[in-house]
Amino acid sequence: MKDIFGLALLDFQNGNYTEDLITWTNISDEDELPLPYLFRSFKDMPALEQKALKLAKGIVLDVGCGAGSHSLYLQKKGLQVKAIDISSGAVTVAKARGVISVENLDILAETGTYDTILLLMNGTGIFKELSQVATYLKHLKSLLKPNGQILIDSSDIQYMYEDEDGGLWIDTHANYYGELDYFLSYKGQEEIPMTWLYLDFNTLYTACTALGLTCELVAEGDHYDYLAKLSLS
Ligand SMILES: C[S@@+](CC[C@H](N)C(=O)[O-])C[C@H]1O[C@@H](n2cnc3c(N)ncnc32)[C@H](O)[C@@H]1O
């Protein structure tokens, strides 16, 4: 990883904001990801994220914290939060913004136990591929305190495969339709392509049930997105 994402966050934090991140996937064209969005305050967050923050309790782990916007909000509310991210730039920025406990760590290397584990802004993206969902969920389950909860958001992106007549062009022999090749560029530099997973609720539900996790649909957004709460069965 070249950490292009972290570089962009650092630029914004250091007052060098001149352009946004550009993202695209194997099934969609270039799109801008505005850097200020990654520094959003509670009032600018989508309703599903606001809902997740309202449900957060106890000792919290913010997985893939980015610039630390969710951690900062919870910290100000008096909760104890640990934020982790594989991007060293993101970790530097989250620290600079005031997140007290931040670590440059992959979720699979985390060993603490938590009352709330947050994975927000397409939290299932971190799982990368459908075949890895069980590995990540099993590990997340091992990090839960007895009455703990995992709050995770994602979207069913089947709509992205619809043609103008409403027909679907999903190749049923290909991988799961939510597995996307994800590309990122910033100021002329390209990140190494990654796989990013959008997981529909039913598939998440089935995977959770198989692992002894209860999976509840907490809320649905207005564009095929949802927030789920996972807990020990
Ligand atoms: C879409 S961004 C979301 C950032 C932040 N949660 C937000 O909502 O603004 C996903 C974040 O997850 C981090 N990430 C990806 N894979 C990870 C992993 N295996 N462990 C920890 N963090 C990871 C990325 O570096 C990135 O900062």
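Mentor: The structure holds eleven aromatic pairs. Rings of Phe, Tyr and Trp (its six-membered ring) pair if their centres lie within 6.5 Å. Planes under 30 degrees apart count as stacked, over 60 as edge-to-face, and the rest as tilted. This is a predicted model, where local features need pLDDT of at least 70 and side-chain atom pairs count only at pLDDT 80 or more, while totals for chains, interfaces and linings use all residues. Residues are numbered from 1 along each chain as its sequence is written, and side-chain values use heavy atoms, with hydrogens and water left out.

A pair of aromatic rings is described by two things: the distance of the centres and the angle of the planes. Take Phe127 and Tyr136. Their centres are 5.4 Å apart, with 25 degrees between the planes. That pair is stacked. Now check the surroundings. Phe127 is buried, with a relative accessible area of 0%. Tyr136 is buried too, at 3%. Buried means under 20% relative accessible area, exposed over 50%, and partly exposed in between (1.4 Å probe, protein chains only).

Next come Phe201 and Tyr226. The ring centres are 5.5 Å apart and the planes meet at 80 degrees, so this pair is edge-to-face. The pair links distant parts of the chain, 25 residues apart. Phe201 sits in helix α6 (residues 201-210), and Tyr226 in strand β12 (residues 225-232). Helices (H or I, at least four residues) and strands (E, at least two) are DSSP runs, numbered from the N terminus. Phe201 counts as buried at 18% relative accessibility. Tyr226 is buried, with a value of 3%.

Rings can also group. Phe12, Tyr17 and Phe39 form one aromatic cluster.

Stay with helix α6 and Phe201 for a moment. A search of the whole structure finds zero disulfides. A disulfide is a pair of cysteine sulfur atoms within 2.5 Å.
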